[in-house]
Amino acid sequence: MSLKELAKQIVSISFNQDTTFFACVIKKGFRVFKCDQYAKHVERNFDKYRFGKVQLLYRSELMFFVGNGTKQFSKKQVFIWDDQKSKIIAELCFTSPVESLHVREDILLVVNQQQTQIINLKDLEPIKDYETYQNSKGIASVCGDPREKVFAILGKKKNCVRIIKYNTRNQPIFENEIESVHNHPLHVIQLNYNGSLLATTSDEGTRIRIFDVISKKKLFELRRGSSPAKIFNIAFNFNSTLVAVTSSSSTMHVFQITTENEQNTKKNKKKKKKKRSLFSSMVSPDAIESFARGRGLSKKYSVCGFNKEGYLFVVTVDGTFYKFYVDLENRKLVNKVFTEYLRHNQNFDEEI
């Protein structure tokens, strides 16, 4: 069977919190793969279960699924799967479809169209419900650091992001709202690993903005391109010096965000304004351009993520997996692994 035919079976894809594994839900089962030393980790085929969106919990045996929309597996249901026991161990039901879910070791964040619920994983009891602006895209983010509990969700107003931090007793200790982050409707938001930075982009998909979550100050503006595109995914590396973005242009852009860039931004603002073309007037003079690009990715959907060693991974719904080395010295990406993960055909070490 061709890869194109195999890819028709893919329902959803996602990484775990530290990008050590990724999961792929297919129409009658799921697969889990290791990222760094690429290998298939788990393969399950079902006759009776029908899952949609998926979230892994770090490297544990627990997986969280949304139903695929059938009568027995509604999109209003979240199923907790224990792979060691090979069965569903808990089920949560909601009054409206689950647009996205995000999980960490003790918290489950469930996004519905007009509210976001924070649930205690120990007893599956709700901790707090937050009313939000209309959210059919499931916009939300949870930081990956197990020592921090920082969440980013939609506020009540259009294009407003609410930042919430909890203590170890699951009590809110800090809340902030960043308003009017874009002129166009919000499309994707992403916290960095420790929850100190927030990246946002709009439906237009030409710019990514990065904010300090406490001061609410915009620190950086990244320019993906001049033509509109649907941004699928934003990823920070673990020390928040690099940002990767995948989009419907089938290209991944990689940006460097450093104090050097920030200083250059300030210098650009101090320069006298010069006559510019109509096109240049549309582009912020202090916008950071990508220094490396990965081309030929999926136009349908792809996710990207960095691991702690600094490698950059991409998974697509076309059935392909990439592992890149980010060569900062030569300002390029080196493709270390390419594989059709539903078939395990691999190629290695190609510069792009």
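**View 1. Strands S1 and S2 pair in the antiparallel sense over five bridges.** Everything shown in these views comes from a predicted model. S1 and S2 make a hairpin, with five residues between the two strands. Look in that turn for Thr19, which has a positive phi of about 60 degrees. As a reminder, strands of a sheet pair through backbone hydrogen bonds, either parallel or antiparallel.

**View 2. Strand S2 continues through a hairpin into strand S3.** Two residues join S2 to S3 in this hairpin. S2 and S3 (residues 29-34) are antiparallel and share six bridges. Here you can pick out Ala23, whose bridge partner in S3 is Val32.

**View 3. Is strand S2 buried or exposed?** Six of the six residues of S2 (residues 21-26) are buried, so this strand is largely enclosed by the rest of the structure. In a regular strand, the side chains alternate between the two faces of the sheet. You can follow that here: Phe21, Ala23 and Val25 point one way from S2, while Phe22, Cys24 and Ile26 point the other way. Residues on both sides are buried.

**View 4. Four strands line up in an open sheet in the order S5-S6-S7-S8.** The pairing in this sheet is antiparallel. At its edges are S5 and S8 (87-93), each of which pairs on one side only. Neighbouring strands of the sheet are turned against each other by 25 degrees on average, direction ignored. Now move to S7 (residues 77-82), which is joined to S8 by six bridges. Within this pair, Val78 stands opposite Leu92 of S8.

**View 5. Which residues lie nearest the centre of the largest pocket?** They are Gln55, His102, Gln190, Asn233 and Tyr301, and the lining has 49 residues in total. Several strands give two or more residues to this lining, among them S1 (10-15), S5 (51-56), S9 (100-104) and S17 (186-191). The largest share, six residues, comes from S21. The volume of this pocket is about 1,400 Å³. Sorted by class, the lining has 25 nonpolar, 19 polar and five charged residues.

View 6. Lys216 is partly exposed, with a relative accessible area of 39%. You will find Ser240 in the loop between S21 and S22 (242-247). With a relative accessibility of 14%, Ser240 counts as buried, because buried means under 20%.

**View 7. Cys35 and Cys160 are both buried.** Cys35 has a relative accessible area of 1%. Cys160 also has a relative accessible area of 1%. How many disulfides does a search of the whole structure find? The search finds zero. If the term is new to you, a disulfide is a covalent bond between the sulfur atoms of two cysteines.

Terms used
Residues numbered from 1 in each chain as written. Predicted model: local features only at pLDDT ≥ 70, side-chain atom pairs only at ≥ 80, totals over all residues. Heavy atoms only, no water. 1 Å grid on protein atoms, 1.4 Å probe; cavity = no way out; pocket = protein on both sides within 12 Å on 5 of 7 lines; lining within 4 Å. Points joined across faces, edges and corners; volume = space filled by probe spheres on them. Nonpolar A, V, L, I, M, F, W, Y, C, P; charged D, E, K, R; others polar. Disulfide = S-S within 2.5 Å. Buried < 20%, exposed > 50% of the residue type's maximum accessible area, 1.4 Å probe, protein only. Pairing = 2+ DSSP bridges. Axes fitted to C-alpha atoms, helices over the stretch in contact; angles between N-to-C directions.
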